[in-house]
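This report looks at charged side chains that pair up, and at the helices around them. Have the sequence and the 3D view open while reading.

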Amino acid sequence: MDHPNGVVKRKPDTRPYKGIRMRKWGKWVAEIREPNKRSRIWLGSYSTPVAAARAYDTAVYYLRGPSARLNFPELLVSDGGLDELSAASIRKKAIEVGARVDAETCGAAARYRGGPRLEVKACWFEEKPDLNKKPKAEPEPESEGSAGE
């Protein structure tokens, strides 16, 4: 938008890292284009931009090798590589890294803000119950006056 004094106002940059973007509802997503193809590899949806960027870094490293431009070159950990360089194996490895970073980031935020006066919203995976487990019976509260007295 042009202003009378000639200054052009730009939209603030909402992508702090390469390969990620933010959804309207606040989640950060990562994806990468496959080399020499028009298709993309979906790398997941994350609570933090750092987790999405680390997932992108993992995928771009496996696709382009050591010469890849990374968001966090100092944090890349080589664990021996992948057996195959298929889109599915790259996606799986990137999602593992992103999910681990997301969990660590959410946990660190909870520890940082976890004072007695502040209530911290749990990460999405802590809020949902495990539907594969049978619920445990709640213990019955003991009453003050017992019937046997």
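## Salt bridges and helices

Lysine 93 and glutamate 96 are both part of helix H2 (residues 87-113), where they sit three residues apart, about one turn of the helix. The model is a predicted one. These two residues form a salt bridge, and their closest N and O atoms are 3.9 Å apart. Lysine 93 counts as buried because its relative accessibility is 17%, under the 20% cut-off. Glutamate 96 has a relative accessible area of 41%, so this residue is partly exposed.

Helix H2 holds another such pair. Arginine 100 forms a salt bridge with glutamate 104, with 3.8 Å between the closest N and O atoms. The two residues are four residues apart in helix H2, which means that about one helical turn separates them. Arginine 100 is partly exposed at 42% relative accessibility, and glutamate 104 is also partly exposed, with a relative accessible area of 47%.

How many salt bridges does a search of the whole structure find? The search finds four. Among them are the pairs in this table.

| Lysine 37 | Glutamate 34 | 3.7 Å |

In the pair of lysine 37 and glutamate 34, glutamate 34 is buried, because its relative accessible area is 16% and the limit for buried is under 20%.

Does arginine 64, at 41% relative accessibility, count as buried or partly exposed? Arginine 64 counts as partly exposed, since a buried residue would need a value under 20%. This arginine belongs to helix H1 (residues 49-64). Leaving aside residues up to four places away in sequence, arginine 64 touches Ile32 and Arg33. Arginine 64 and proline 35 are 29 residues apart in sequence, while their C-alpha atoms are 8.4 Å apart in space.

The length of H1 can be checked by calculation. The helix has 16 residues, and at 1.5 Å a residue these should span 22 Å, because the expected span uses one less than the number of residues. The end C-alpha atoms of H1 are 22 Å apart, so the two values agree.

The buried residues of H1 include Ala51, Ala55, Tyr56, Asp57, Val60 and Tyr62. Just after H1 comes glycine 65, which has a positive phi of about 80°.

Methods: Residues are numbered from 1 along each chain as its sequence is written. This is a predicted model: local features need pLDDT of at least 70, side-chain atom pairs count only at pLDDT 80 or more; totals for chains, interfaces and linings use all residues. Side-chain values use heavy atoms; hydrogens and water are left out. A salt bridge is a side-chain nitrogen of Lys or Arg within 4 Å of a carboxyl oxygen of Asp or Glu. Buried means under 20% relative accessible area, exposed over 50%, partly exposed in between (1.4 Å probe, protein chains only). Contact means heavy atoms within 4.5 Å.
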